[in-house]
Amino acid sequence: MSDTLLAATIGGLVALTVALLTQFVAEAYKRHRDGNAVAAAIAGELNSYAPAWPLLKTQADTWIAAIRSGRRGELIFRPFERPTDLIIGEMVSKLGLLGADQVEKVALVYGNIRAFRNVLEVILRDHSSMTDEELVGRCQACIAALDRSHREGLPLVGELRARARKPFLWSSPKLIAPA
């Protein structure tokens, strides 16, 4: 093989290798950047709910105390339009960028927020047809769902914030799964 042909072959292989590596690094960086954005957005949305937790818990405790003390007739239940979670609704297709552990935690927290809203909606819509025991039980279910979402959500917000600040460190992709 001539020197010119050998140099051209080596040059072509080097160019191809650089092009492939550049693609891998660029894609890894894009996924990292998108994952950081998803983490920051969800952390912000969850953190925005935190100040409401003590207010909602106090309201449910107040309802329970009034019912148990025979003052149920004094309670006023207002109509409720279920809020939507704007950020998580937009980010569902990108949750995988967070990794399995954080996706599981996000699902758990939002599931408990949804459970709270579902029970609250039933209370506000159907309270007049419920017995005192059923109404107290549903109020307690609201508190339990709130407590679970708060207990799991606060540390998750911290984890998501840390993920959002995580610098990009490229490591070669694992092309062959370990045995």
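**Close-up views of a predicted model**

View 1. When neighbours within four places in sequence are set aside, His32 is in contact (heavy atoms within 4.5 Å) with Arg163, Lys166, Pro167 and Phe168. A polar atom of the His32 side chain lies 2.8 Å from the backbone oxygen of Lys166. With a relative accessibility of 13%, His32 counts as buried; here buried means under 20% relative accessible area, exposed means over 50%, and partly exposed lies in between, for a 1.4 Å probe and protein chains only. This is a predicted model, in which local features need pLDDT of at least 70 and side-chain atom pairs count only at pLDDT 80 or more, while totals for chains, interfaces and linings use all residues. Residues are numbered from 1 along each chain as its sequence is written, and side-chain values use heavy atoms, with hydrogens and water left out.

**View 2. The salt bridge between Lys30 and Asp34****.** The closest N and O atoms of Lys30 and Asp34 are 3.4 Å apart, which meets the rule for a salt bridge (a side-chain nitrogen of Lys or Arg within 4 Å of a carboxyl oxygen of Asp or Glu). Both residues lie in helix α1, 4 residues apart, or about one turn of the helix. Lys30 counts as partly exposed at 39% relative accessibility, whereas Asp34 counts as buried at 17%. Together with Arg33, Lys30 and Asp34 are linked in a network of salt bridges. By this rule the count comes to 11 salt bridges.

**View 3. The salt bridge between Asp61 and Lys57****.** In helix α2, which covers residues 52-68, Asp61 and Lys57 are 4 residues apart, about one turn of the helix, and their closest N and O atoms are 3.9 Å apart. Asp61, at 36% relative accessibility, counts as partly exposed, and Lys57, at 22%, also counts as partly exposed.

**View 4. The salt bridge between Glu134 and Arg138****.** The side chains of Glu134 and Arg138 meet in a salt bridge with an N to O distance of 3.0 Å. These residues are separated by about one helical turn because they are 4 residues apart in helix α5, residues 132-165. Glu134 counts as partly exposed at 32% relative accessibility, and Arg138 counts as partly exposed at 28%.

**View 5. Cys139 and Cys142****.** A search of the whole structure finds 0 disulfides, a disulfide being a pair of cysteine sulfur atoms within 2.5 Å. The cysteine sulfur closest to that of Cys139 is in Cys142, at 6.3 Å, which is too far for a bond. Cys139 is buried, with a relative accessible area of 1%, and Cys142 is buried as well, with 2%.

**View 6. A nonpolar surface patch that includes Leu20****.** Leu13, Leu16, Leu20, Leu21 and Phe24 make a nonpolar surface patch of about 480 Å². Patches are made of residues with over 30% relative accessible area and no salt bridge, like charges being joined within 9 Å and nonpolar side chains (Val, Leu, Ile, Met, Phe, Trp, Tyr) within 5 Å. Accessible areas come from the Shrake-Rupley method with a 1.4 Å probe, and for residues only the protein chains shown count as cover. Leu20 lies in helix α1, residues 3-49, and counts as partly exposed at 47% relative accessibility.

Conventions
Helix = DSSP H or I, 4+ residues; strand = E, 2+ residues; numbered from the N terminus. Polar contact = N/O pair within 3.5 Å; in protein donor to acceptor, adjacent residues only side chain to side chain.
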